Amino acid sequence: MSLLLSPVKIANLELNNRVVMSPMCMYEVQKKDGVLEPFHFAHYGARALAKVGMVVTEATAVLPDGRISDWDLGLWNDEQADKLTELTTMLHSFGTKVGVQLNHAGRKAENAQIVSAPSAIPFSSDYATPHELNESEIQAVKDAFVSAAKRAKRAGVDMIEIHGAHGYLLDQFLSALTNQRTDQYGGSLENRYRLVHEVVTSVRAVFDGSLWIRLSLTDYDDSGVQNSLDDWKQVAKWLEADGVDLIDVSTGGLINAAPNFPVHDGYQTPFATELKQAVSVPVSTVGLLDNPGLCEYILQNHQADLILEGRALLRNTNWLSDAAKQLHDHDFKPYNASYERGQK
Ligand SMILES: Cc1cc2nc3c(=O)[nH]c(=O)nc-3n(C[C@H](O)[C@H](O)[C@H](O)COP(=O)(O)O)c2cc1C
């Protein structure tokens, strides 16, 4: 049996395999109310039937103005939580675990009434100049993460991922490129980490499931201001002490810059491998991992502990069955006998 398709336990979370559906915004909330629609049930249900170890929902906003766009999911009210309960129940009945990614878009909110951020620096000339959050507004953001976490718990999710990557609000606080505050939330790395610390520990206090965080380990910034790998190792150590169960390593999104090296299969995995040196909690990898052989190699060689698949699962719902064939993993079973006949 391959490692990729065999079960794994991360703290108390048991997954049937090491393939997790990466959070991906679908911008399909036609009513703009943040509530899951039939599309989402079909979309996530299809990947559950295809036997991913866990479905992680797309970035789900903790406040209306924390949405990337008005077409995003939200978890700031009970109607949204009730639908999430329905989705979780359905996905569990298909045998998959469920994670929800909680987010506040900060200065990258495209349709917000009030765009906010640690400092009044726009993402680009196409984006609004954000309002600089004051300390009581920062507390309100933290409280919104906690309320959303309570709702996620009530909805029965197995995992909450705090979105600390891709240049959204928490990432904006972490970096001196976007955080030029002079109060306790800005300046030193420890101060820039303060909001993440408060969010993570407060969510940890109300949620006893698996708690993950996604980080961007480089901003592809050539100015010398971005956090160094050593800074990220320090952040990872703090996160581990704060009770995080897994660190999900990604890159980019903070500033308007693309990778400054040729992008290739598994291009983000070296960042995960490097971070693994600093912590004992598991570290996952994501990004151009379409080739199951490469995924297996990464796992066999302890370069990362878990694989997140994004676009490969959009292109091919059947990715896991195809991976089993490629890896000669005869133990992997499609969802039912009829699906198995489709493999012949
Ligand atoms: C359509 C789309 C939407 C995405 N939305 C999110 C998101 O909501 N949250 C997030 O952390 N990453 C998001 N991402 C990034 C993916 O989760 C993933 O990290 C990235 O696509 C690289 O992995 P891949 O090569 O397997 O697709 C999105 C990517 C795509 C293609």
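## Asp242 and the basis of the model

Asp242 lies in the loop between helix 6 and strand 12 (246-250), where helices (H or I, at least four residues) and strands (E, at least two) are DSSP runs numbered from the N terminus. At 14% relative accessibility, Asp242 counts as buried; the classes used here are buried for under 20% relative accessible area, exposed for over 50%, and partly exposed in between, with a 1.4 Å probe and protein chains only. From Asp242 to Val35 the C-alpha separation is 31 Å, across 207 residues of sequence.

The model is predicted, so that local features need pLDDT of at least 70 and side-chain atom pairs count only at pLDDT 80 or more, while totals for chains, interfaces and linings use all residues. Residues are numbered from 1 along each chain as its sequence is written, and side-chain values use heavy atoms, with hydrogens and water left out.

## The ligand site

The ligand sits in the largest pocket, a pocket being, on a 1 Å grid over the protein atoms alone, an open set of points where a 1.4 Å probe fits, with protein on both sides within 12 Å along at least five of seven lines; a molecule sits in it if more than half of its atoms lie within 2 Å of its grid points. Around the ligand there are 15 residues, each having a heavy atom within 4 Å of it, and the closest are Ser22, Pro23, Gln101, Leu288 and Arg311. By class, this shell divides into six nonpolar, six polar and three charged residues, with Ala, Val, Leu, Ile, Met, Phe, Trp, Tyr, Cys and Pro taken as nonpolar, Asp, Glu, Lys and Arg as charged, and the others, Gly among them, as polar.

Where does the backbone approach an oxygen atom of the ligand? A polar backbone atom of Ala59 is 3.1 Å from a ligand oxygen, a polar backbone atom of Gly287 is 3.5 Å from a ligand oxygen, and for a backbone N or O atom of Gly310 the distance to an oxygen of the ligand is 2.8 Å. Of the 600 Å² that the ligand exposes when taken alone, the protein buries 82%, with areas from the Shrake-Rupley method and a 1.4 Å probe.

Ser22, one of the residues closest to the ligand, is found in the loop between strand 3 (19-21) and helix 1 (38-49). Ser22 counts as buried because its relative accessibility is 3%, and its side chain makes a polar contact of 2.9 Å with the side chain of Arg214, the term denoting a pair of N or O atoms within 3.5 Å of which, within protein, one must be able to donate a hydrogen and the other to accept it, with residues adjacent in sequence counted only if both atoms are side-chain atoms.

Tyr27 also has its place in the loop between strand 3 and helix 1, but is partly exposed, at 39% relative accessibility. Although Tyr27 is not a glycine, its phi is positive, at about 50°. Most residues other than glycine have a negative phi.

## Further positions along the chain

His302, in the loop between helix 8 (292-300) and strand 14 (306-309), likewise has a positive phi, of about 55°, without being a glycine. With a relative accessible area of 61%, His302 is exposed. Lys237 belongs to helix 6 (residues 229-241) and is partly exposed, its relative accessible area being 44%; its C-alpha atom is separated by 8.9 Å from that of Ser280, 43 residues apart along the chain.

Ser6, in the segment before strand 1 (8-10), counts as buried at 10% relative accessibility; between the C-alpha atoms of Ser6 and Val20, 14 residues apart along the chain, the separation is 12 Å.

Notes:
On a 1 Å grid over the protein atoms alone, a cavity is a set of points where a 1.4 Å probe fits but cannot get out, and a pocket is an open set with protein on both sides within 12 Å along at least five of seven lines; lining residues have an atom within 4 Å of a point.
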